[in-house]
Amino acid sequence: YVPSADRLTNGQSAFVRPGSERYATAGSRQAEDSLRKAAVVCDGRHADPVAARAWLAARAEAGLALSVDQAQAVEGILTGGQQLSILIGPAGTGKSRVAAVLAEAWADPDLWGTPTPPGRMVGLAVSQNAANVLAEQGMTAMNVRRWLTTQQRLTTGSAQPADEAYRLGAGDVVLVDEASMVDTADADAIRQHVQAAGARWIWAGDHRQLGAVGAGGMMADLAGTATTYELAQVHRMNAEWERAASLRLRDGDLAVLADYERHGRLRACPSLAHAEADAARAWLADTLAGVPAAVVVATNDQAARLATQCRNDLIALGRIAPDGVHLARQSTMAGVGDVVVTRTNHRRLADVTGRRAEVWNRDRWTITEIRPDGALIVTPAGQD
């Protein structure tokens with residue numbers, strides 16, 4: 001109860017912080033409820049626990065090295081039978097290794113025995129580049145948008161010949177990588193296709209990392225409601241202090257910045273301009289040494305500014321051509337030798353031989369030629 005004396009002229013409480021209201025569409029609420037219900041369904045395909053442990057032991061003898069938490073996650077997901085499992089992996093804890101082992105196990109007939117046929121793992125990611133990484137781990141992989149479009153064609157009877165390879169079966173499992181970046185609408189659409197096929201699915205990622213561009217947050221919402229496995233041992237860094245520090249940084253412990261400073265990982269700059277100049281010089285040094293490097297910035301304007309600075313440095317060294325084509329998106333220039341990034345998906349773009357080529361958002365390309373009409377001839381970055 002709020003006394004009338006403590007209410008504003010619009011009737012609201014004077015103690016409510018301005019802008020604190022939160023809104024959701026009816027469609028989003030319905031999708032959230034559907035996902036919560038799916039999180040507690042336990043009728044998924046699962047392996048015999050004895051067979052799963054024997055399979056892991058045989059793989060260990062063959063050289064597979066898993067930490068205790070990784071092995072527990074693999075065994076738990078294989079044998080649990082939950083329709084939805086969540087795998088939380090802070091940076092460097094080996095989430096990709098667990099996913100690769102699960103993909104191998106799902107397709108191994110020695111694990112499932114007869115007459116149960118092996119299934120397969122289908123990997124989904126927000127970007128095609130991330131999906132390509134999943135494909136390298138032995139999965140049938142696609143970006144989320146393309147996969148949903150393919151499933152829609154399969155559902156409506158308008159499938160193309162190539163779509164059949166992506167039809168889900170009851171023995172399959174769908175792994176959604178970096179699931180915290182998938183918005184609620186897409187997550188619920190994936191759920192519908194998984195449930196219709198009688199398949200299982202896994203959300204893999206870290207709800208404390210980057211979230212979805214649209215309405216999201218369901219990975220954090222369902223962690224602990226769905227059967228959840230969390231990897232806790234960091235493997236990526238060699239230094240023990242850095243392994244512990246990365247987890248403290250993930251938890252938002254600002255005091256850990258002192259550890260990074262003591263080990264020379266922070267560089268003080270008197271202004272943003274000095275920081276940008278230092279970053280550009282460091283990027284140039286790594287690039288000239290053949291070391292892959294990236295500069296992470298906060299805004300598109302800052303990215304365009306630093307890209308121009310780095311490009312000017314390469315021009316001065318004769319590494320790229322000064323003239324080129326104006327790119328209107330950020331008012332930058334691209335010439336022969338430059339690396340450009342495509343920003344939309346295009347499945348029917350013809351290559352120089354006239355064959356159909358697939359181009360995906362965030363693909364990186366090196367410009368090899370500029371045609372008189374301004375067309376760019378490119379090759380995948382890193383290839384001759």
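Buried means under 20% relative accessible area. Thr332 has a relative accessible area of 17%, so Thr332 counts as buried. The model is a predicted one.

**Around Thr332**

Thr332 sits in strand β8, which covers residues 332-334. Which residues does Thr332 touch, leaving out those up to four places away in sequence? They are Ala304, Thr308, Val325, His326 and Leu327.

**The nonpolar cores**

The largest nonpolar core has 31 residues. Within this core, Leu78, Leu87, Leu102, Leu111, Met121 and Ile202 touch the most other members. Several elements give two or more residues to the core. Among them are the helices and strands in this table.

| Element | Residues |
|---|---|
| α2 | 49-61 |
| α3 | 68-80 |
| α4 | 95-106 |
| α5 | 109-112 |
| β2 | 121-125 |
| α6 | 128-136 |
| β4 | 173-177 |
| β5 | 200-205 |

Which element gives the largest share of this core? It is α4, with 7 residues.

Now take Leu78. Leaving aside neighbours within four places in sequence, Leu78 is in contact with His46, Ala47, Leu102, Ala105, Trp106, Leu111, Trp112 and Arg200. Two of these partners, Leu102 and Leu111, are also named with Leu78 among the core residues that touch the most other members.

Another core lies apart from the largest one. This other core has 27 residues, including Met142, Tyr166, Val194 and Ala199.

**One face of α6**

Helix α6 has three names to remember: Gln128, Ala131 and Leu134 are its buried residues. Why do the buried residues of α6 line one face of the helix? Seen down the axis of α6, they fall within an arc of 105°, so they share one face. An α-helix has 3.6 residues a turn, so residues three or four places apart point the same way.

What covers the buried residues of α6? The cover includes the strands β2, β3 and β4. Strand β3 spans residues 140-143. Just after α6 comes Gly138, with a positive phi of about 95°.

**A cavity**

How many cavities of 30 Å³ or more are there? The count is 1. The largest cavity has a volume of about 30 Å³. Its lining is made of Ala179, Ser180, Val182, Ala187, Trp203, Gly217, Met218 and Met219. By class, 6 lining residues are nonpolar and 2 are polar.

Key. Residues are numbered from 1 along each chain as its sequence is written. This is a predicted model: local features need pLDDT of at least 70, side-chain atom pairs count only at pLDDT 80 or more; totals for chains, interfaces and linings use all residues. Side-chain values use heavy atoms; hydrogens and water are left out. A nonpolar core is a set of buried Ala, Val, Leu, Ile, Met, Phe, Trp, Tyr and Cys residues joined through side-chain atoms within 4.5 Å. Buried means under 20% relative accessible area, exposed over 50%, partly exposed in between (1.4 Å probe, protein chains only). Helices (H or I, at least four residues) and strands (E, at least two) are DSSP runs, numbered from the N terminus. Contact means heavy atoms within 4.5 Å. The arc is that of the directions from the helix axis to the C-beta atoms. On a 1 Å grid over the protein atoms alone, a cavity is a set of points where a 1.4 Å probe fits but cannot get out, and a pocket is an open set with protein on both sides within 12 Å along at least five of seven lines; lining residues have an atom within 4 Å of a point. Grid points are joined across faces, edges and corners, and a volume is the space filled by probe spheres set on the points. Ala, Val, Leu, Ile, Met, Phe, Trp, Tyr, Cys and Pro count as nonpolar, Asp, Glu, Lys and Arg as charged, and the others, Gly among them, as polar.
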